[in-house]
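Here is a short briefing on charged side-chain pairs. Keep the sequence and the 3D view open while reading.

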Amino acid sequence: MMAAKLQRWRNLAGRLDLLARSDAVSTRRFLHEGPDTVEELLDRHLAKKDKPIIDDDEAEFLNRRRLTSTRREALSLYRDILRATRFFTWIDSRGNLWRDVLRENARKEFEAARLETDPEVITRLLIGGSDAVSAALDKLAEKQREMIEKKRRGDQP
């Protein structure tokens, strides 16, 4: 800020010096009479918006609302996972239902991320989880379509 003011004085002094040296008084327009930096331009021409003063109670309320929103999204994702696992009814190599294995893994993932406070990490986890659920359901639907097609082709020689 101080450098900008100093630059303005230098520009003004240079102009006054140039006018004093010229013999005839003319109405010259300098090509560059505007601000020297982008910051100076923005300071001059943009309306400054006063930041609202937020007290501790209001900041805590806003933080709780943000956390409530992410908690709601996380709970919605967890419910989506539980709904999606209903379709995985076959048994794995150990004799466990895939549905139970997937639910147990989802629970572990959610418990591991339970104490995460960074909003970017939380958002990344929610988006990644949602993408994984939709990809798993898409893959399941595709495999079921293939199985149906095989059955149809097998029934019709």
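Arg107 has a relative accessible area of 44%, so this residue counts as partly exposed. The model is predicted. The structure holds 8 salt bridges. Three of them are set out below, by helix.

**Helix H4**
- Helix H4 spans residues 98-112 and contains both Arg107 and Glu111.
- These two residues sit 4 residues apart, about one turn of the helix.
- Their side chains form a salt bridge, at 3.0 Å from N to O.
- Glu111 is partly exposed, with 36% relative accessible area.

**Helix H5: Lys143 and Glu146**
- Helix H5 covers residues 119-155, and Lys143 and Glu146 both belong to it.
- The spacing is 3 residues, about one turn of the helix.
- A salt bridge links the side chains of Lys143 and Glu146, with an N to O distance of 4.0 Å.
- Lys143 is partly exposed at 47% relative accessible area.
- Glu146 is also partly exposed, at 36% relative accessibility.

**Helix H5: Glu149 and Arg152**
- Glu149 and Arg152 lie in helix H5 too, 3 residues apart, about one turn of the helix.
- Their closest N and O atoms are 3.6 Å apart, in a salt bridge.
- Glu149 has a relative accessible area of 37%, so Glu149 is classed as partly exposed.

**Network**
- Which residues do salt bridges with shared partners join into one network?
- Arg107, Glu111 and Arg114 make up that network.

Key
Residues are numbered from 1 along each chain as its sequence is written. This is a predicted model: local features need pLDDT of at least 70, side-chain atom pairs count only at pLDDT 80 or more; totals for chains, interfaces and linings use all residues. Side-chain values use heavy atoms; hydrogens and water are left out. Buried means under 20% relative accessible area, exposed over 50%, partly exposed in between (1.4 Å probe, protein chains only).
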